[in-house]
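The questions below ask what stands behind each one.

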Amino acid sequence: MPKVFLIMLDGVSADTFRSHHSRLPFLSRLAAGGFSVERLRSLVPGISLPGRTSILTGRGAAEAGVYGNNVWHDTRFSYADPDDVRVPTLPRLALAAGLDVACVGFGMVRPEDATVFKRPWWADNFVQRARDDVGEPAQGAWRRAADHVDPTGRLIAAATAAGYPADYPERFPDRRIYAFSGDMHVANWVGLLAAADPAPDFVLTEFLVTDSVQHSHGFDTEASLWALGYLDALVGVTLGRLGERAAEYNFVILSDHGHWHVQKALRPEAILPGMQADCQGAMLHVKVDSAADEARATAALAEHGVVPYDPSYLPEDHRAFLRSYLAPDGFSFESGPSELPVTEPKNISSHGLRPGHPADDRFMFMSGPDVPTGTVAMADADQVAPTVAQLLGIATGVFPGRSLLV
Ligand SMILES: [Zn+2]
């Protein structure tokens, strides 16, 4: 039976991967002889949780429901959670087709949609990734993910058999080091689990620190390339744990979006005082209650070169009360109190750029027994899910996009 091992590395652009592949011995070796997508376009907006959702569903935010790391929940913007995903996901479809599905640390999967499920390290009682100053209390599916006890016991058994810790450590104060530790545990567990019997048919996992380090240390800086090298080494850890079983898997390795330099930050709390607005890179979502609200927001943002953006990528029911705006190149929106409308950026590199911006293109490659040798110059976000479905041998007709392997 065909098997798929999907690894998502957060925020690694097509250009970074191409320019620095010589620093990435494990990824380069895995890619050799496989199928390479030189540029995989990002979803609109090119942001983490919509990017994951697109990988899982093959659909854009208008249908899949996740249009930012935060979405509107009743009275405010808060972290999108797996229950916000409105269409079936690859793990759910694979499970329904009778496959054995292991989700280890991959965001936006409901715990009940995998045979073996381990939450992301950044979602326990609070959802807090390395770059978040404060966490959000876990709600909905994040709460279920945090409380989930794997009924199969397979991950704990595989870790214990290797003498490896079977759970994440308690959070410790340096959340950046905690993030590196979290990615390391995921890399070990996912390899140990898939090396044990029975080997899952479909494995999904993600490593995250590349995104956080680029935000704070800049695009393609030595510090950020060190983080990328660390994730390459973690891919090596996973392959080492897998051992000879790696040969049974078709690997699908990709990122959720790209990254690029940010020169200045636009601060909605100063530009739109009293309004609820949510920053998603160069895109801003604003809650409007009236035409006057909208006119006020549009006028205030226009003073900073920010223009309205076609909201057709938003789910139809949210288009009724949300407006979308786009910052000029080089600018990114940042939340938090500010008296000044424009400040130096806290995140000196970011994603969710102008839609179609080449710096938001990400890398992708596949390799394994059922993957032909090949290269395509460009692929669209909606082609990932049908490609994975084809490799798994499950129905591809539910996805609007075309598999890369047709
Ligand atoms: Zn991301």
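What follows is a set of questions and answers on a predicted model.

Q: How many of the residues of the protein chain count as buried?
A: The share is 52% of the 406 residues. To be counted, a residue needs 20 or more other C-beta atoms within 10 Å of its own.

Q: What share of the contacts joins residues at least 24 apart?
A: The share is 72%, taken among contacts between residues at least 6 apart in sequence.

Q: Into which domains is the protein chain divided?
A: Domain 1 covers 3-259 + 359-392, and domain 2 covers 264-346. Their centres, taken over C-alpha atoms, are separated by 29 Å.

Q: How do you know which residues and elements bring domain 1 into contact with domain 2?
A: A contact needs C-beta atoms within 7 Å. By that test, 15 residues of domain 1 are in contact with 14 residues of domain 2. On the domain 1 side, α4 (61-64), β3 (70-73) and β4 (76-79) each supply at least two residues. The residues of that side divide into eight nonpolar, six polar and one charged.

Q: What makes β3 and β4 a pair?
A: Pairing takes at least two bridges. β3 and β4 are joined by four bridges and run antiparallel. In one of them, Val 71 has Ser 78 of β4 as its bridge partner. The hairpin has two residues between the strands, and Asp 74 in this hairpin takes a positive phi near 60 degrees.

Q: Why are β6 and β21 said to stand at the edges of their sheet?
A: The sheet is open and has eight strands, in the order β6-β5-β9-β1-β10-β20-β2-β21, with mixed pairing. β6 and β21 (374-379) each have a single partner strand, so one side of each is left without a neighbour in the sheet. From one strand to the next, the twist averages 10 degrees.

Q: How do you know that β5 and β9 pair, and in which sense?
A: The threshold is at least two bridges. β5 and β9 have four, in the parallel sense. Ala 102 stands opposite Val 203 in β9.

Q: Which strands does helix α14 touch as it packs on the sheet?
A: Helix α14 (residues 384-392) touches β1 (3-9), β9 and β10 (249-255). The direction of α14 makes about 150 degrees with that of β1.

Q: Why is Met 108 called buried?
A: The cut-off is 20 or more other C-beta atoms within 10 Å. Met 108 has 30, so the label holds. The residue is found in the loop between β5 (101-104) and β6 (116-118). Its phi is positive, about 75 degrees, although Met 108 is not a glycine. Most residues other than glycine have a negative phi.

Q: Why is Asp 220 called partly exposed?
A: Asp 220 has 17 other C-beta atoms within 10 Å, so it falls in between. Asp 220 is found in the loop between α9 (209-217) and α10 (222-242). This residue also has a positive phi, near 55 degrees.

Q: Why does Ile 177 count as exposed?
A: Exposed means 12 or fewer neighbours. Ile 177 has 12 inside 10 Å, so it meets the limit. Ile 177 is found in helix α8. Its C-alpha atom is separated by 8.5 Å from that of Ala 130, 47 residues apart along the chain.

Conventions: Residues are numbered from 1 along each chain as its sequence is written. This is a predicted model: local features need pLDDT of at least 70, side-chain atom pairs count only at pLDDT 80 or more; totals for chains, interfaces and linings use all residues. Domain bounds come from an automatic or database domain assignment. Two residues are in contact if their C-beta atoms, placed from the backbone, lie within 7 Å. Ala, Val, Leu, Ile, Met, Phe, Trp, Tyr, Cys and Pro count as nonpolar, Asp, Glu, Lys and Arg as charged, and the others, Gly among them, as polar. Axes are lines fitted to C-alpha atoms, for helices over the stretch in contact, and angles run from 0 to 180 degrees between N-to-C directions.
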